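Trainee: Could you take me through one part of this structure up close? I'd like to see how you go from the picture to a description.

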Amino acid sequence: MSSAIFEEYLGKVIAKVKSKQAHSMIKKELSNHLEELSHSFQKRGLSLEDADKKAMQEMGDPSTVGRNMNQLHKPRMDWLLIALFVLLAGIGFLPLMSDVVTSNSSFMKKQIVWLALSILALIGFLFFDYRKLKNLWMYFYAAALILFFTPFLVGISLTGGGRWVFLWGIMIDSPAISLYLFFIAWAGIFTKVNAFKGWKKQVVLLILFWAPVISYTMINRLVFSIIYFLFVLVMYIFYYRRNQFAIKVALGNLLIGIIFISTMILKSSSSYLSDTIIPLKDILSKAGWFGNGLHNNLTIPEAHTDFVFPFLVYSFGWAFGIFLCLLLLVFILRISLNAFKTRDLFGRLLIIGGAVLFTVPACWNILMGLGIVPIMVVPLPFISYGGSMLLVYASLLGLILNVYRRKDIVEPTIKN
């Protein structure tokens, strides 16, 4: 800095900014601007001392500048996403109020407990500096592997649902939680990808990528394979979007992935189109625009979980079904647009990958409910009954809201 009086000026500015995390960024930004102004005035013939004073005059009153900086650099909250979360979670209780599940009160109580835990997880992931996770990618990847293999050691096998962990009277889908941890790990890996130079490290990276795809497929959680494969690939494409060779590599992996996963789906014993097992077209044709009411005589398996969408359409009509699809579309679009409001690479990768984590299960569940894609265990985000995935989705949303909240107080790591 060309003058000590700049320090005094910046101190007065910073004093008006409430967010301490933004102080270093604001100080760096303003000091560079003051330096540029001072140099420009010196070129016009002013002395160093006069140029510095002129630069501060040009910048304006420090208290005024500080108040303006405080308005620009403060935590933000995306209330629309929070409102959509509350609305979607509320819709999830409708099937539990109907006659599709036995012991409605028991299901309702469990879902309320899971929702309370999910809200706590959302808040937990919202109010801390998400950038601290960036350097912990190895721990998240290792934890994801441990969670993935835990059910095979101490888990309980459920019909059609794989193996789950029974802990303190609660059934936990640990492979679902591992998916979330893999997601955080890969966002961190891409911020450190320059450390993976040389063919040996590239092979390690390739193994890290493909191992979960194959592992999820082996335990018949094909949707998890698809979700994992796509969110890593989308983050990869974003990171290397200006590298033509990297894009070709991504397309090659995409082709291999499509062939591999499609083959496994066709070989799976449950790879039948849902309409060949459940008369979905007949059910949906009887829905009408306004449905048959919540308490109806519809008999459909897993109406509160995997087939919640056709149940809601049958009960409340196509008008409600279209409304629900629009809600999910707005939710996903909002998340996707928020990705480009932060200039932090790690934060942007988290939001981009998170958008995929919401998009794939939402689309698959709805298309499965329409009888278009094969039957798989895939919940509709925030709406299908179940605790583990609700916890995952809420934690994911908390992390996304965290990035948005800090978009104006973190130093940019992406050049415009």
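**A close look at some rings and a helix pair**

Mentor: Let's start with Phe209, which is buried, with a relative accessible area of 6%. Keep in mind that we're looking at a predicted model. Trp210 is buried as well, and its relative accessible area is 15%. Both values fall under 20%, so they count as buried. Now look at the rings: Phe209 and Trp210 make an aromatic pair, with 5.2 Å from centre to centre and 65° between the planes. That angle is over 60°, so the pair is edge-to-face.

For contrast, turn to Tyr236 and Tyr240. Their ring centres are 4.8 Å apart and their planes sit at 50°, so this pair is tilted. Tyr236 is buried too, with a relative accessible area of 18%. If you search the whole structure, you'll find 31 aromatic pairs.

Okay, on to some helices. Two packed helices are described by the angle between their axes and the distance between the axes. Take helix α8, residues 174-191, and helix α17, residues 387-405: they pack at about 20°, with their axes 8 Å apart. An angle under 35° counts as roughly parallel, so that's what we call α8 and α17. Their crossing is right-handed.

Who's actually touching whom? On the α8 side you have Ala176, Ile177, Tyr180, Phe183 and Ile184, and they meet Met389, Val392, Ser395, Leu396 and Leu399 in α17. Sort the residues of that contact by class and you get nine nonpolar, one polar and no charged.

Technical notes
Residues numbered from 1 in each chain as written. Predicted model: local features only at pLDDT ≥ 70, side-chain atom pairs only at ≥ 80, totals over all residues. Heavy atoms only, no water. Axes fitted to C-alpha atoms, helices over the stretch in contact; angles between N-to-C directions. Helix = DSSP H or I, 4+ residues; strand = E, 2+ residues; numbered from the N terminus. Parallel < 35°, antiparallel > 145°, perpendicular 65-115°, else oblique. Left-handed = near helix turned anticlockwise from the far one by under 90°. Contact = heavy atoms within 4.5 Å. Nonpolar A, V, L, I, M, F, W, Y, C, P; charged D, E, K, R; others polar. Phe/Tyr/Trp six-rings, centres within 6.5 Å; stacked < 30°, edge-to-face > 60°. Buried < 20%, exposed > 50% of the residue type's maximum accessible area, 1.4 Å probe, protein only.
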